[in-house]
Amino acid sequence: MVTTGRSSPSSRFGYSLAVLVAAAAAARGGLCVWRSPDADIAAIFGTGTYKTVFEDVTESRQARIEERLGFELDPDETQFKFFPVFEGDSLVGTVMTHAGKGQFGAIEVVVAVVDSDSGAVVLEVRIQRDREKAKQALRSEAFLGQFRGRGADDGYTVGAGVTAAAPGAEVASQAVSTAVRKLLVVYEEFQGDE
Amino acid sequence: MSFFRFALKNLFAHRTRTALTLVSMTVAVAVLFTLLSFNRGYERGLKSQLQAMGIHMLVVPVGCPYEAASLIIKGGKMPGYLPASALDKVREMDEVAVAAPSYMGGIVRPEEGRTDIYLGIDSATLALKNWWKLRGRWFEKPNDMILGYDVTLVELSHVGDQIYLPELDMTFDVVGELEPTGTEDDGFFYVPLATAQEMFYRLEKEQAGADSGTAAPARGQDRLTAISIRLRNPDDAPIVTPKLGEIKGAEVITMGELLGTMMSLMGSAKALLLSIVTIIIVISALGVLNTVLMSVFERTREIGVMRATGASQVHVFGLVWLETLMLSLLGGAGGLGLAVVGARAIEGVVKRFLPLAPRGSVVALEPAAFLIVLGFVLGIGLVAGFYPALRAARARPIEALRSE
């Protein structure tokens with residue numbers, strides 16, 4: 001019997017199905033509160049202060065966001081919250097939060113983004129709440145670090161551009177990945193209106 | 001011209017002033033009537049909600065139930081439990097229709113600022129809470145879980161999903177979810193009774209292991225945190241209470257006591273609202289007095305003419321007093337109308353300030369409240385109008401005619 005590195009068609013089908021289900025499930029999540037702003041700012045930016053900006057989702061904005069994402073926003077996502085972080089008078093980044101469905105309950109993600117020549121990119125991703133079995137792996141630098149520097153149009157599919165946090169944690173990993181991409185798209189859409 | 005039409009004409013002579021006074025009276029009367037109606041309606045609503053719960057009595061471990069609730073929320077160790085044998089004793093009583101045991105425990109998540117509260121129940125709870133609408137199915141396996149409505153929103157989880165409990169490395173299958181009940185039931189993770197007993201037994205055991213000075217807990221299956229009881233006849237509560245009190249380590253809470261506690265909790269909030277209403281009433285009474293008194297001052301010459309042409313002091317007193325009464329009654333009628341029409345809106349505002357508000361309408365528009373408000377309106381009219389009327393009646397015709 002010859003074995004290769006490639007998985008069988010049936011397992012690939014099963015895997016793709018799981019990722020699709022996870023992506024659809026993650027897309028159902030809503031925005032959430034920022035639970036530990038001071039700790040997150042210290043970890044991401046060192047120092048800084050932040051303010052809260054509320055932005056309403058108009059029909060045209062919603063259509064643009066959904067077209068880029070490829071799935072619909074939650075019915076309760078009628079407003080987005082942005083937390084621009086300042087060091088002195090200088091904007092050093094913007095933080096956003098998202099609650100999405102993981103494998104074992106909700107996963108709340110904190111994403112810090114900065115503007116670059118090619119658009120918004122991820123500065124840092126942190127997880128503020130989850131009840132996943134692979135809790136440590138999901139919060140590890142090995143998993144979350146791979147999002148650093150990514151833009152909205154980069155690959156966000158687990159197994160094709162994003163490595164799962166741990167074997168068996170594909171659904172949770174995809175939930176985090178989808179949340180990151182969603183927040184980047186939302187950020188760019190609102191930035192575009194300014 | 002009749003006294004009545006004359007008084008009405010005087011009121012309409014200063015429409016803006018009269019209108020403003022009427023508005024203040026209307027608001028005061030509307031708030032007073034709503035509060036009076038609310039008080040009765042609130043008590044009735046609480047009673048009917050408690051009756052609808054189908055629970056007539058609760059058997060809990062001896063001790064302060066508030067302290068126990070606080071400990072559960074903080075994830076602390078309960079000072080005492082009901083022995084499982086208590087359930088058998090309760091079920092042996094002929095008066096008891098349903099006895100539903102439960103075990104409640106909390107797992108604190110400080111980083112999330114919340115506590116997951118697990119409630120272990122058996123099928124008797126379903127018989128007791130027959131108003132529950134369950135999507136999915138009842139427990140069949142030890143790791144089945146039913147989510148309260150609020151939990152489904154927080155965890156974004158529904159029937160078919162799984163919930164993982166990292167503290168005990170346990171995975172639950174969500175087999176059911178409750179439709180909104182509007183009660184604390186919405187906030188629980190429901191698991192089979194034996195599962196909850198075992199979960200918190202293990203947690204305590206681990207805690208006791210970590211702290212060598214603490215004794216190992218009793219077996220989980222031996223412990224309950226409450227038994228909810230429905231009687232065949234609610235009137236049997238006085239017969240059953242002493243029998244339940246004989247169970248060692250048990251304390252009985254009747255729904256009547258619970259209602260009393262809720263009403264006393266509401267008392268302080270109600271006192272605050274009544275204080276505010278009293279201030280509004282005093283201000284509106286002063287407004288009426290001011291309006292009529294100014295009217296008397298402005299009509300000094302007119303009053304002098306009336307007196308000079310034969311009107312007695314009683315006539316003048318009666319005229320001014322009638323004006324005040326009409327002002328009060330018009331404001332009262334407006335206030336009652338406003339209260340009836342806007343009862344729902346006012347109720348929403350009032351409910352926001354009162355704790356433990358029952359579901360549904362808590363405003364009962366009753367004749368007794370109507371009569372009290374009518375008496376209050378007449379009282380304001382009589383008191384506020386007395387001084388201006390007296391002053392007008394005592395005016396000497398010669399001096400009054402001389403005035404500008």
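Which residues line the largest cavity? In this predicted model, the lining is made up of B:Asn10, B:Leu11, B:His14, B:Arg17, B:Thr18, B:Thr291, B:Val292, B:Ser295 and B:Glu323. The elements of chain B that each give two or more residues to this lining are helix 1 (3-13), helix 2 (15-52) and helix 9 (255-298), and the largest share, three residues, comes from helix 9. By class, the lining has two nonpolar, five polar and two charged residues. The volume of the largest cavity is about 70 Å³, and the structure holds one cavity of 30 Å³ or more.

The second topic is the interface of chain B and chain A. Here 17 residues of chain B are in contact with 15 residues of chain A, and the two chains bury about 1,400 Å² between them, 46% of it on carbon and sulfur atoms. On the side of chain B, the residues that lose the most area to chain A are B:Glu112, B:Leu156 and B:Tyr164, which together account for 44% of what that side buries.

| Item | Value |
|---|---|
| Salt bridges between chain B and chain A | four |
| Residue pairs in polar contact, both at pLDDT 80 or more | eight |
| A:Arg131 with B:Glu155, salt bridge, closest N and O atoms | 3.2 Å |

Strand 4 (114-121), helix 6 (149-155) and strand 7 (162-165) of chain B each supply at least two residues of the side that touches chain A. By class, that side of chain B has six nonpolar, four polar and seven charged residues.

How values were computed:
Residues numbered from 1 in each chain as written. Chains lettered and ligands numbered in written order. Predicted model: local features only at pLDDT ≥ 70, side-chain atom pairs only at ≥ 80, totals over all residues. Heavy atoms only, no water. Contact = heavy atoms within 4.5 Å. Buried area = accessible area lost by both parts, 1.4 Å probe. Salt bridge = Lys/Arg side-chain N within 4 Å of Asp/Glu carboxyl O. Polar contact = N/O pair within 3.5 Å; in protein donor to acceptor, adjacent residues only side chain to side chain. Helix = DSSP H or I, 4+ residues; strand = E, 2+ residues; numbered from the N terminus. Nonpolar A, V, L, I, M, F, W, Y, C, P; charged D, E, K, R; others polar. 1 Å grid on protein atoms, 1.4 Å probe; cavity = no way out; pocket = protein on both sides within 12 Å on 5 of 7 lines; lining within 4 Å. Points joined across faces, edges and corners; volume = space filled by probe spheres on them.
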